[in-house]
Amino acid sequence: MNSDEAVARGAALQCAMESSRIQVRPFTIIDRVYYPVEVQYEADGFTPSATTTTSEGKDDSMDIVEDSPTSSSSSSINGMSTIEIYSRGDDLPRKPRRLTFRNKTDSFVLRTAYSANAFLPQGQDRLISTHTIKIPDNYKSSPHDVRVTFNMDKNGCVIISGAQLMEELPPAESTEQSTTSTGEGKESQPEESAPKKRFKKVDLQIDTVSFGLTSQQIKDTIELEAQMANEDRLIIETADRRNELESYIYSMRDKLDSSLKDFATNSEKLQFKELIDRTESWLYDDGFDSTKSLYVKKLDELKVLGNPIEKRLWEQNNRGEAADALKRQIETCKSFAISNTEATAHITPEEKLKVRNIAENIEQWFYDQLEKQGELSSYNEPVLTVDLLASKRKELFNTTKDIMNKPKPLPKKEEKKDEKDEAESKAESESKGEEDSK
C-alpha cells in the first residue's frame, strides 16, 4: 500500500469513527512525535540535573534539583539549562509530563523549543513559546517547590496546562502507634510512625508569549484577506456581467429574426440591431477588460429597446389565462345573483341585483377592451394587459364578497320561548280536564 492509499484509508477510517451511523471495532491509533521538544530554564548559577521516573498508570515526572550534579538528560546553552521532555519517536498522544522546580522564591521563566537535533524546515525558528511563572508576594519569603505540567495534544502542539506551588502543611497529629512483641511474650513500648508530609497546591499565574503573528499583524492580515476577497468577488461579478451582456446580444439577435419578429416594427428592429452591433464591437475591442458598472450600463441600454418587444410577446402568451380567470369570476357572480337555493335564501333581492349589476358592468368593459385589442397588431402596445385583467378580477371579488359570503341569521330566541309557553299551557289544560272528569 503506497502513501496515497494509506492517507485515503486513514481518512475514511477516521470519518467512520466520527460518524454516529457506522460502527467501528475499537482500536487505538498511535502516532509518533516527529520533532523533539525541550524546556529551557534559568539555573541561577547552579548546574541542574533531572531524573525521570516512569511507572505504568502514572504520569512521567522529572525533578529539577538545582544543587545536584550534572545529569545526562540536561544541558546548558547560552546560560539557559535545557531538558528534553519529548523525544523523537515518542508515542502520541501521551499523558502529561511534569517538571518540579525546587526551592523557588521568585518568579521564573521557562521556554519551550525544538531540540537542536530536530530536523526543522529551513528558516523555522526553534523557539516555541516563553512562559513566566508568577510567584505571589506572600510566598517569596521562603522557598517552595513549583510543579509545572506540560502537555502535547494530538496535533503535536506543546502547551503548559498548569503550574502549582507546593506549600507544605504542618504534619497532622497521628493517633496510630505501632507495638513490637518480645520473645518472652511481653510487648515493648509503642513506637510512633514517621509523619507523612502534606502539601497545599496553589495554582500560579502563567504569562505566555508564543511565536507567531502579533495582534496588530493578525488584524492587518484579516483586513488584507477581506480586501483580497472583495477583489476576487469583484472580478467574478465583473466576469458574470460581461457574460450576461454577451449572452443578451446573441440571444436578442436571434429572437429578432424568430420569436420576436412579429412584435417589433421595422424601424424598431433596425434601431435595435444597430445598437446590438455597436455594443458587440465595443465588447470585443475596448470593452473586454472594462468595469462591472460599464457592463451593467451597456446592458441597460439594450434592454431599453428590447424589454418592450419582449413584453408584447409575454402579454400575448399570458393574456388568455388571465382573461379566463376574469370570466370565471364573472360567471360565479352571475350564477349567485340568479340562485334561489336554500343557501342563498337569506340574501335579499336588492343585494343579488347589486352583485349582478357589478358583474355585468365588468363583463361589458372586458368585451369592449377585448374588441379594441383585436384591432391592434402584434407590434402595437397592448390595451388589454395581464395586470389590468388581474386588477379587474380583484375589484370584482372585493366588491361582491361581503354579499356572497353573508352568513345566515341565527334563529330568534323569542320564537323558541313562545313554543315552550304553548306546550306548558297545553299540558295545564289537559291536567285540569282530568280533574274535572274525576
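Is L204 buried or exposed? Select L204 and see: with a relative accessibility of 10%, L204 counts as buried (buried is under 20% relative accessible area, exposed is over 50%, and partly exposed lies in between, using a 1.4 Å probe and protein chains only).

Before moving on, a note on ground rules: this is a predicted model, where local features need pLDDT of at least 70, side-chain atom pairs count only at pLDDT 80 or more, and totals for chains, interfaces and linings use all residues. Residues are numbered from 1 along each chain as its sequence is written, and side-chain values use heavy atoms, leaving out hydrogens and water.

Stay on L204, which sits in the loop between β15 (198-203) and β16 (205-210). Strands here are DSSP runs of E, at least two residues long, numbered from the N terminus. Now show the surroundings: the contacts of L204 (heavy atoms within 4.5 Å) include I133, I135, V146 and L165, leaving aside residues up to four places away in sequence.

Next, select strand β11, residues 144-152. Of its 9 residues, 8 are buried, so the strand is largely enclosed by the rest of the structure. Who are the partners? Strands count as paired if DSSP finds at least two bridges between them.

- β8 (residues 97-104) runs antiparallel to β11, joined by 6 bridges; look for K104 opposite H144.
- β12 (residues 158-169) also pairs with β11 in the antiparallel sense, over 8 bridges; here M152 faces V158.

Zoom in on the turn of the β11-β12 hairpin, where 5 residues lie between the strands and G156 has a positive phi of about 85°.

Now for the largest nonpolar core, which has 28 residues. Such a core is a set of buried Ala, Val, Leu, Ile, Met, Phe, Trp, Tyr and Cys residues joined through side-chain atoms within 4.5 Å. Highlight V37, L110, V148 and F150, the residues with the most contacts inside this core. Elements giving two or more residues to the core include β2 (37-42), β8, β11 and β12. Center on V37 and you'll find that I85, Y114, M152 and V158 are among the residues V37 touches.

Last stop, the cysteines. Select C157, partly exposed at 42% relative accessible area, then C333, buried at 0%. The structure holds 0 disulfides (pairs of cysteine sulfur atoms within 2.5 Å).

Note on methods
Helices (H or I, at least four residues) and strands (E, at least two) are DSSP runs, numbered from the N terminus.
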